[in-house]
Amino acid sequence: MTHVTFVLRYEEVRVTTVADTLVLDSVRTFVSTDKRLLIGGEWVAAASGRTFPTYDPATGERITEVAHGDATDIDRAVAAARRAFEGPWSRFTPSQRQSLLWKVGDALLARAEEFGQLESIDNGKSAAIAQAVDVVWSANVFHYYAGWATKIEGRTITPSVPWLPGSEWHAYTLREPVGVCGQIVPWNFPLLMATWKIAPALATGNTVVLKPAEQTPLTALLLGEIFCELGFPAGVVNIVTGFGDAGAALAAHDDVDKIAFTGSTEVGKKIVGAARGNLKKVSLELGGKSPNIVFADADLESAIAGSANAWLFNHGQCCVAGTRLFVEDSIFEEFTQGVAEFASQVKVGPGLDPTSQLGPLVSQEQLDRVTGYLDQGRADGARALTGGRRIGDTGYYVEPTVLVDVRDDMSVVREEIFGPVVAALPFSAADGPVADANNSEFGLAAGIWTRDISRAHRLAKQLKAGSVWINSYNAFDAAIPFGGYKQSGWGRELGEAALDLYTQTKAINVQL
C-alpha cells in the first residue's frame with residue numbers, strides 16, 4: 001500500500017470572543033473587573049500593586065488583568081493558611097468537612113456552563129467539552145473526597161516488647177493532616193488539576209495555598225469564590241496568582257509542610273531543590289511521552305478512533321497523551337492511514353464555537369514550541385501523513401499531525417511536544433513492542449489494543465507506566481490512582497492513594 005497524504009480543509013475560523021452572544025452574562029461580568037488574590041478569606045491586591053494580562057488563545061486578545069503575586073504575597077497566604085490550620089479548621093469535625101466538600105461539588109455542577117465557558121476563554125479548549133468533562137469530573141472529585149473525610153482511620157496494634165517479658169501494651173496509630181499545603185497547578189486542565197489537589201487536602205484536614213498557572217488563572221479564582229460563599233473558614237483556601245517566582249517561593253517556604261506540583265519534569269526537579277530547606281513532603285506529577293500499542297488482531301475501527309483521541313484530546317496538551325504510536329508492521333500502513341484520515345476530519349476552531357472539536361493551543365509560547373518540533377521533525381526526515389503546520393495567523397492553532405518515517409532518536413519521538421502531534425512507529429510480532437515502548441525517560445501512561453486478553457495482561461505488567469489502558473485510552477476515574485514511573489513523578493493522585501500525600505502517621509504506645 002502507498003501512503004496517502006491527507007489534506008486538511010478548514011472553514012474560515014469564525015472569531016468568537018467574550019462579547020459574543022454565546023457567552024453567559026455571569027462570565028462577561030466576571031472578566032469585566034481585574035482579578036485579585038484570595039488571602040485569609042479576603043480578595044486583595046498584590047502587595048506590589050502589579051497586575052498581568054491573561055489572553056484568549058482563540059484570538060490572542062487580552063481578557064482581563066490579574067494580580068501579580070510574588071514572594072511577599074506567598075508569605076501572607078502561608079501565614080493565613082497556618083492560622084486557619086491551627087485555629088478554626090482544626091475544630092471542624094470530619095462530617096463537617098464532608099458536608100462542605102460535597103457542597104463544592106454541587107456548586108460546580110450548578111454553575112457548570114459558567115465554568116466551562118470561562119475555561120474555554122482562558123485555555124482555548126472546547127467550552128462544551130470543558131463543561132461535560134472538566135467541570136463534571138471536578139464536581140465528582142469533590143464528591144468522592146467528601147466521602148473520604150469521615151473515613152480517615154488509624155489502626156490498633158498488639159506489640160511485643162521482647163526485653164520486657166510479661167508487660168502489656170496498647171498501641172494504635174492516628175492519621176493526621178500534614179498542615180499547610182502548597183499546590184502548584186498547570187495550564188492544560190486548570191480547574192481539574194486544582195480540584196485533584198484541593199479536594200484530598202481539605203478532606204484530610206489540611207489548609208491550602210494554591211498557585212495557578214499564569215496562563216490560565218481564571219477558573220481557580222472563580223472556584224475561590226465558591227469557597228468563600230460556602231462558608232469555609234478564612235485562610236483554609238488561599239489563591240495566589242503569579243509567575244514562577246511565586247511558585248518558587250511557595251516551594252521553598254519554611255512554613256509550608258507539603259508541596260504538590262503538576263507540570264514539566266524540568267520544573268519538577270527545581271521544585272525538589274527548593275523544597276529541601278525544611279524537607280517538606282513533595283509529590284510530583286510530571287511529563288510523559290506515552291506509548292500506545294496496537295496489535296494486528298485489535299478491533300481496528302475502535303483502535304483508530306481511540307488512538308487518534310489519545311493524542312488529540314485537549315489539543316494534545318495532556319501529560320498522558322499517546323504520542324508514540326506503535327503499530328504491528330502487518331497493519332502499519334492501513335492503520336496510520338486510518339488515524340490520519342480521522343485526524344484530517346476534526347473540526348478546528350474557537351472553544352466557544354459549539355461545533356469545534358479541537359481548539360487553539362494555550363499561548364504564543366506553546367504555539368512556537370509545537371511548530372518548532374514540527375520543523376525539526378521535517379528536517380530530521382519525518383513525513384506528515386496529515387497536518388504539520390500552523391493554521392492561519394489569528395489565534396494559536398496547529399493542524400492535527402500524524403508523522404511517519406520516524407526514528408526513535410528523533411526529538412519528535414523522544415521529547416514531550418504537548419500539542420496535537422503523534423509519531424507512528426512499526427513493530428514486528430517476533431520482537432514485540434516492550435523494549436521500544438519502555439525506551440523513554442518517562443513512564444506516565446500507556447495504551448494496548450488487542451483481542452488477546454492474556455497478551456494484554458502480560459504486556460501491561462511489562463510496561464513501565466503508572467497507568468495502562470487496555471482497548472481504551474484516557475479512561476480515568478476518581479477512585480483509580482494516577483501517577484508516574486521514572487521521571488514522570490513521585491506519588492499518586494486520585495483514589496485512596498492520594499490520602500497518603502496529605503496525611504502522616506503517628507504511633508502511640510501505652511504500657512498498661
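## Two domains in a predicted model

The C-alpha centres of domain 1 and domain 2 lie 30 Å apart. Where they touch, domain 1 contributes 36 residues and domain 2 contributes 31 residues. Domain 1 is made of two stretches, 18-286 and 491-507, while domain 2 covers 291-480. The model is predicted.

**Overall build**

The protein holds 15 helices and 24 strands. Its C-alpha trace spans about 80 × 65 × 40 Å along the principal axes. How does the radius of gyration of the protein agree with that of a compact globule? A compact globule of 512 residues would have a radius of gyration near 24 Å, and the protein has 24 Å, so the two agree.

Of the 512 residues, 57% count as buried. The accessible surface comes to about 20,300 Å². Carbon and sulfur atoms account for 51% of that surface.

Charge is next. The protein has 44 positive and 59 negative side chains. The centres of these two sets lie 5 Å apart.

**A helix and its cover**

Helix α8 runs over residues 244-252. Its buried residues are A246, G247, A249, L250 and A251. What covers the buried residues of α8? The cover includes two helices, α2 (71-86) and α9 (265-275). It also includes the strands β7 (180-184), β8 (207-211) and β10 (258-262). An α-helix has 3.6 residues a turn, so residues three or four places apart point the same way.

**Three loop residues**

S330, D405 and N474 are each found in a loop. The table gives their places and relative accessibility.

| Residue | Loop between | Relative accessibility |
|---|---|---|
| S330 | β13 (324-328) and α11 (332-344) | 56% |
| D405 | β17 (401-404) and α13 (411-414) | 43% |
| N474 | β21 (467-470) and β22 (485-486) | 17% |

Buried means under 20% relative accessible area, and exposed means over 50%. S330 therefore counts as exposed, at 56%. D405, at 43%, counts as partly exposed. N474 is buried, because its relative accessible area is 17%.

D405 has a positive phi of about 55°, although it is not a glycine. N474 is not a glycine either, yet its phi is positive, about 60°.

How far apart are S330 and A296 in sequence and in space? They are 34 residues apart in sequence. In space they are 6.8 Å apart, C-alpha to C-alpha.

Key: Residues are numbered from 1 along each chain as its sequence is written. This is a predicted model: local features need pLDDT of at least 70, side-chain atom pairs count only at pLDDT 80 or more; totals for chains, interfaces and linings use all residues. Side-chain values use heavy atoms; hydrogens and water are left out. Helices (H or I, at least four residues) and strands (E, at least two) are DSSP runs, numbered from the N terminus. The radius of gyration is taken over C-alpha atoms; the globule rule is 2.2 Å times the number of residues to the power 0.38. Buried means under 20% relative accessible area, exposed over 50%, partly exposed in between (1.4 Å probe, protein chains only). Accessible areas come from the Shrake-Rupley method with a 1.4 Å probe; for residues, only the protein chains shown count as cover. Lys and Arg count as positive and Asp and Glu as negative; His and the chain ends are not counted. The place of a charge is taken as NZ of Lys, CZ of Arg, CG of Asp or CD of Glu. Domain bounds come from an automatic or database domain assignment. Contact means heavy atoms within 4.5 Å.
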